[in-house]
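Subject: Model for your review

Hello,

Here is the structure I said I would pass on. My notes on its helix packing follow below.

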Amino acid sequence: MTYTEFLLRSLALAALLSAAASWIVPHVPVGSRRPVGLLLLSLPLFVLALVAAHLLPRYWNACATLTGWDPLLSLGLLVAVWGTVPGALILNLVRLRRARRLVLACPPVQDPDLLGCFATLSRRLKAPVPELRVLGLPAPAAFSGWGPRPVVVISRWFLDRLDRAELLAVLAHELGHLARRAPQALWLARVMRDATWYLPWTRRVLESLEAEEELEADAFAVRLTGQPMALASALGRLTEHALLAGAPLPAFGSSPERVLEYRLRCLLEGRARPDRDLGGRLLAGGLAVVAVRAVPSIVASSAAALPLYCRIGPL
């Protein structure tokens with residue numbers, strides 16, 4: 001087996017694991033997807049790390065040769081594959097910095113009544129009260145983030161179009177993201193997705209994680225406010241605006257209509273409750289044990305077929 005064949009076989013294994021992840025994660029119950037999704041997103045990188053550990057020593061070993069197309073081509077492929085990792089990290093750090101600059105450009109909300117209600121909601125989570133800022137945009141936009149201090153940003157559209165109950169439901173939804181540390185988890189997931197951009201199935205895993213975070217934040221909002229109909233009404237107003245303006249629907253994934261429909265159904269049927277992720281952690285732990293035991297053995301057995309040449313001739 002040539003070095004290049006070994007690397008291509010390992011990439012095929014990473015692609016197979018990625019394809020399996022894209023099927024497994026959407027079938028994991030909501031509330032348990034995050035640990036499973038993050039683990040499965042990391043498996044292709046785990047495979048590539050093992051490949052590098054097997055190949056790199058052979059490039060400078062006294063019994064290896066750097067002549068010919070095979071070592072040079074495999075080394076070029078390995079550098080290209082691993083070069084995406086720092087690239088993905090830098091890209092997402094730049095995105096994070098831009099988002100932070102956008103947040104700092106948004107003025108704080110000045111409504112004392114709204115700030116008081118927001119502080120009351122925050123204290124129910126036994127967490128520091130985040131900053132509440134307003135984005136001067138005549139379209140619905142709301143997001144939460146972290147930095148020196150957690151922050152929630154809503155656009156002017158919410159203040160002008162929603163009543164107080166609907167507005168508090170939206171704010172409680174964003175607090176749910178902060179309580180679950182969704183911005184940090186999704187940032188990490190995007191880094192791993194971007195680092196393996198050549199595996200298209202990782203996008204579906206990320207979409208499933210994003211959809212879960214929306215559903216779980218809905219459940220947190222219901223728990224904080226006790227008014228599922230207020231959040232459902234706010235989602236309805238956002239949908240109406242999107243349809244009239246021809247804008248994207250307020251949901252994640254390649255099928256936002258299905259995600260939004262499911263969110264509304266959970267709210268209207270009283271099924272928007274936070275789920276414990278114990279099952280997800282147990283499943284992730286089991287998959288991690290299997291991966292740690294099986295993947296290195298598969299890669300090592302394949303690496304055993306690699307040629308090793310000594311200076312006095314082939315062994």
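The axes of helix H2 (residues 33–60) and helix H8 (residues 202–225) cross at roughly 160° and come within 10 Å. H2 is therefore roughly antiparallel to H8 (angles over 145 degrees count as such). Their crossing is left-handed (the near helix is turned anticlockwise from the far one by less than a right angle). H2 contributes Arg 33, Arg 34, Gly 37, Leu 38 and Leu 41 to the contact, and H8 contributes Thr 202, Val 205, Ser 208, Leu 209, Glu 212 and Glu 213; contact means heavy atoms within 4.5 Å. By class, these are four nonpolar, three polar and four charged residues (Ala, Val, Leu, Ile, Met, Phe, Trp, Tyr, Cys and Pro are nonpolar, Asp, Glu, Lys and Arg charged, the others, Gly among them, polar).

This is a predicted model: local features need pLDDT of at least 70 and side-chain atom pairs pLDDT 80 or more, while totals for chains, interfaces and linings use all residues. Residues are numbered from 1 along each chain as its sequence is written, and side-chain values use heavy atoms, without hydrogens and water.

Helix H4 (residues 112–124) packs on helix H6 (residues 164–179) at about 45°, with the axes 10 Å apart. H4 passes H6 in a right-handed crossing. Asp 113, Leu 114, Cys 117, Phe 118, Leu 121 and Ser 122 of H4 meet Arg 164, Leu 167, Leu 168, Leu 171, Ala 172 and Leu 175 of H6. Nine of the residues in this contact are nonpolar, one is polar and two are charged.

Of the 315 residues in the protein chain, 46% are buried (under 20% relative accessible area, 1.4 Å probe, protein chains only).

Regards

Terms used: Axes are lines fitted to C-alpha atoms, for helices over the stretch in contact, and angles run from 0 to 180 degrees between N-to-C directions. Helices (H or I, at least four residues) and strands (E, at least two) are DSSP runs, numbered from the N terminus. Buried means under 20% relative accessible area, exposed over 50%, partly exposed in between (1.4 Å probe, protein chains only). Angles under 35 degrees count as roughly parallel, over 145 as roughly antiparallel, 65 to 115 as roughly perpendicular and the rest as oblique.
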